[in-house]
Amino acid sequence: MNLRTALTTIHRDPQWWRKILIGGALMLTVVGYPWGAGLVIESLDATRKGFPTPLPPWRAWGDRYVLGLLAVLIDLLFFVLPIFAVGLVFLCLSVIVLTANIAGAGWLVIVVLTVFGGYELAAFAASIAPVGRLHYVASGRVEDALGMATVRAALAPRARAVYGRARLQSLPAYGPTLLLVVVTWLVPWPWKLLGLWLALSALLYAHLATMQLYAAAESDVLFG
């Protein structure tokens with residue numbers, strides 16, 4: 001599967017744009033972000049069962065919120081928590097440098113930021129979070145996605161190449177989101193609110209397409 005096929009699959013649902021705009025509006029409230037993530041998880045589950053279209057309807061709101069909240073935990077573990085960990089280390093080092101008046105503090109900052117940026121880029125390129133979501137959907141238990149088994153599965157020799165292609169193919173899907181973020185930054189209020197809604201809707205659209213690609217990639221890894 002390529003990105004065009006993934007997008008075509010989404011567009012087979014005549015209500016795809018409405019469902020995505022509803023998801024974007026919910027994500028705009030911040031506390032409603034798990035509903036968008038839940039839609040992606042339900043779509044991924046349906047795709048793995050052979051029913052990639054139509055997109056799941058907006059119903060069973062409580063169940064979808066819980067599904068999405070657990071999916072967000074996967075991203076928190078592999079992406080957000082390391083940010084806090086590195087930030088804490090950076091803060092401690094900054095205090096030590098400032099109080100002790102250590103020479104070369106600038107280089108220390110550069111090293112810390114380089115290590116942090118390298119980790120985030122590596123985790124993104126290695127598809128850790130998408131593979132975690134695949135494990136979550138396959139087993140129905142989020143704890144199966146939060147351990148080192150996810151990292152090993154993503155970095156297995158054959159899987160690494162397959163998931164790497166899926167990651168590369170997914171990148172253009174996020175282009176509209178980036179463009180809308182730039183436009184939102186430039187326009188005045190109240191147009192910023194509209195721009196942010198559309199940007200979040202585009203992000204949800206990209207996530208749906210991305211998980212279509214990873215569902216196909218998982219099939220290649222397991223049966224290809």
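The second largest pocket has a volume of about 150 Å³, where a pocket is an open set of points on a 1 Å grid over the protein atoms alone, with protein on both sides within 12 Å along at least five of seven lines. Grid points are joined across faces, edges and corners, and a volume is the space filled by probe spheres set on the points. The model is a predicted one, in which local features need pLDDT of at least 70 and side-chain atom pairs count only at pLDDT 80 or more, while totals for chains, interfaces and linings use all residues. Residues are numbered from 1 along each chain as its sequence is written, and side-chain values use heavy atoms, with hydrogens and water left out.

Lining residues, defined by an atom within 4 Å of a point, are for the second largest pocket Trp-16, Trp-17, Ile-20, Leu-21, Pro-176, Leu-180, Leu-198, Ser-201, Ala-202 and Tyr-205.

The largest pocket holds about 450 Å³ of space. It is lined by 16 residues, of which Asp-75, Phe-79, Ala-129, Arg-133 and His-207 are the closest to its centre. The elements that supply two or more residues to this lining are α4 (61-100), α6 and α10, and the largest share, five residues, belongs to α4. The lining of the largest pocket divides into 11 nonpolar, two polar and three charged residues.

A search of the whole structure also finds one cavity of 30 Å³ or more, a cavity being a set of points where a 1.4 Å probe fits but cannot get out. The largest cavity contains about 40 Å³ of space, and its lining is formed by Met-27, Tyr-33, Gly-36, Ala-37, Val-40, Arg-133, Leu-204 and His-207. Two or more lining residues are given by α3 (33-48) and by α10 (191-223), with α3 giving the most, four residues. Five of the residues lining the largest cavity are nonpolar, two are polar and one is charged.

The helix packing can be set out pair by pair, with axes that are lines fitted to C-alpha atoms over the stretch in contact, and angles that run from 0 to 180 degrees between N-to-C directions.

| Helix pair | Angle between axes | Axis distance |
|---|---|---|
| α2 (residues 16-28) and α3 | roughly 145 degrees | within 6 Å |
| α3 and α6 (residues 128-139) | about 65 degrees | 10 Å |
| α6 and α7 (residues 148-155) | about 115 degrees | 9 Å |

Contact means heavy atoms within 4.5 Å. In the pair α2 and α3, whose axes come within 6 Å, the contact is made by Lys-19, Leu-26 and Met-27 of α2 with Tyr-33, Trp-35, Gly-36 and Leu-39 of α3; these residues divide into five nonpolar, one polar and one charged.

The angle of about 65 degrees between α3 and α6 makes α3 roughly perpendicular to α6, the term used for angles of 65 to 115 degrees. Their crossing is right-handed, which is to say that the near helix is turned clockwise from the far one by less than a right angle. Val-40, Ile-41, Leu-44, Asp-45 and Arg-48 of α3 make this contact with Arg-133, Leu-134, Tyr-136, Val-137 and Ala-138 of α6, and the residues comprise seven nonpolar, no polar and three charged.

The helices α6 and α7 are likewise roughly perpendicular to each other, and the crossing of α6 and α7 is right-handed. Here Ile-128, Val-131, Gly-132 and His-135 in α6 meet Ala-149, Thr-150, Val-151, Ala-153 and Ala-154 in α7, a set with six nonpolar, three polar and no charged residues.

Some backbone details lie in the loops. Most residues other than glycine have a negative phi, and most peptide bonds are trans. The peptide bond from Thr-53 to Pro-54 is cis, with omega near 0 degrees, and Pro-54 is found in the loop between α3 and α4. Trp-189 and Pro-190 are also joined by a cis peptide bond, with omega about 0 degrees, and Pro-190 is placed in the loop between α9 and α10. Val-30, in the loop between α2 and α3, has a positive phi near 70 degrees.

Notes:
Ala, Val, Leu, Ile, Met, Phe, Trp, Tyr, Cys and Pro count as nonpolar, Asp, Glu, Lys and Arg as charged, and the others, Gly among them, as polar. Angles under 35 degrees count as roughly parallel, over 145 as roughly antiparallel, 65 to 115 as roughly perpendicular and the rest as oblique.
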